[in-house]
Amino acid sequence: MSTYTQEQVNNMVAGTLDWDTTFRMLSMPKDSERFSQYLTALQASVSFPDKIVLPLSPHMYIVQSAKSKKWLTICDCGHEFCGYKENWKLFANIYVRDNAEAMAEVYPKFMHPDTNWQVYREYYCPSCGVLHDVEAPTPWYPVIHDFEPDIETFYKEWVCLPLPEKAE
Ligand SMILES: [Zn+2]
């Protein structure tokens, strides 16, 4: 197992780490400090005052609200979607590609799916407009709740860190 400096992890998050080191980091077992170094690098890259509990995607985090200590799902622009156990997609701006014209914006002619069978649902941040996720379900399918992470077990048993305070 190798260990890495905070500077190397910062560069990994920024996308400026050299490829050889990046490849070694990705392919080798993770050192025990990695998650807290990763959080430190992410926290330094955002402008909101809330403490990052768990990164969810490139622009989305579960955070401990600086004001209320509640755990919330937020965008990296600071937009608050909802409590961390709720499905954030239900609080997003949603664009549904459900006809040939809309599909032609992302596919060459005759290459897109038949929208009677499959549509695209695009989920955008209502404040900054970043695209957070795309689903490709059948038209009648309910909005998918991707996952509900077991953060307590992750902190206590996987990364062995104290669980951040959580107001209900
Ligand atoms: Zn946003």
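1. Order of elements. Along the sequence, the pattern is α-α-α-β-β-β-β-β-α-β-β-α. The protein has five helices and seven strands. Both kinds of element are DSSP runs numbered from the N terminus: helices are H or I with at least four residues, strands are E with at least two.

2. Basis of the model. This is a predicted model, in which local features need pLDDT of at least 70 and side-chain atom pairs count only at pLDDT 80 or more, while totals for chains, interfaces and linings use all residues. Residue numbers start from 1 along each chain as its sequence is written.

3. Overall dimensions and burial. The C-alpha atoms fill a box of roughly 50 × 45 × 30 Å along the principal axes. Of the 168 residues, 15% count as buried. The burial count uses C-beta atoms placed from the backbone: a residue is buried if 20 or more others lie within 10 Å of its own, exposed if 12 or fewer, and partly exposed in between.

4. Contacts along the chain. Take the contacts with a separation of 6 or more: 43% of them join residues 24 or more positions apart. A contact here means two C-beta atoms, placed from the backbone, within 7 Å.

5. Helices α1 and α3. Two packed helices are described by the angle between their axes and the distance between the axes. Here α1 (residues 6-14) and α3 (residues 34-45) pack at about 55 degrees, with axes 9 Å apart. That angle makes α1 oblique to α3. The classes are roughly parallel under 35 degrees, roughly antiparallel over 145, roughly perpendicular from 65 to 115, and oblique for the rest. Axes are lines fitted to C-alpha atoms, for helices over the stretch in contact, and angles run from 0 to 180 degrees between N-to-C directions.

6. From α1 come Q6, V9, N10 and V13; from α3 come Q37, Y38, T40, A41, L42 and S45. By class, this contact of α1 with α3 has five nonpolar, five polar and no charged residues. Ala, Val, Leu, Ile, Met, Phe, Trp, Tyr, Cys and Pro count as nonpolar, Asp, Glu, Lys and Arg as charged, and the others, Gly among them, as polar.

7. The four-stranded sheet. An open sheet runs in the order β1-β2-β3-β4, with antiparallel pairing. Its edge strands, β1 (51-57) and β4 (80-83), each pair on one side only. Neighbouring strands of this sheet are turned by 25 degrees against each other on average, direction ignored. Strands pair if DSSP finds at least two bridges between them. Within the sheet, β2 (residues 60-64) and β3 (residues 71-75) are joined by five bridges. One of the partners to check is C75 in β3, bridged to M60.

8. Strands β5, β6 and β7. Strand β5 (residues 93-97) is antiparallel to β6, with five bridges between them. R97 has Y120 in β6 as its bridge partner. On to the next pair: β6 (residues 120-124) and β7 (residues 131-135) are also antiparallel, over four bridges. E122 is partnered by V134 in β7. The hairpin of β6 and β7 has six residues between the strands, and G129 there takes a positive phi near 85 degrees. The covered face of β6 holds R121 and Y123, and the uncovered face holds Y120, E122 and Y124.

9. F110. This residue sits in the loop between α4 (100-103) and β6. Its phi is positive, about 65 degrees, although F110 is not a glycine. F110 counts as exposed because it has 7 C-beta neighbours inside 10 Å.

10. Helix α5 and C160. C160 is found in the segment after α5. Its phi is near 50 degrees, a positive value in a residue other than glycine. With 10 C-beta neighbours inside 10 Å, C160 counts as exposed.
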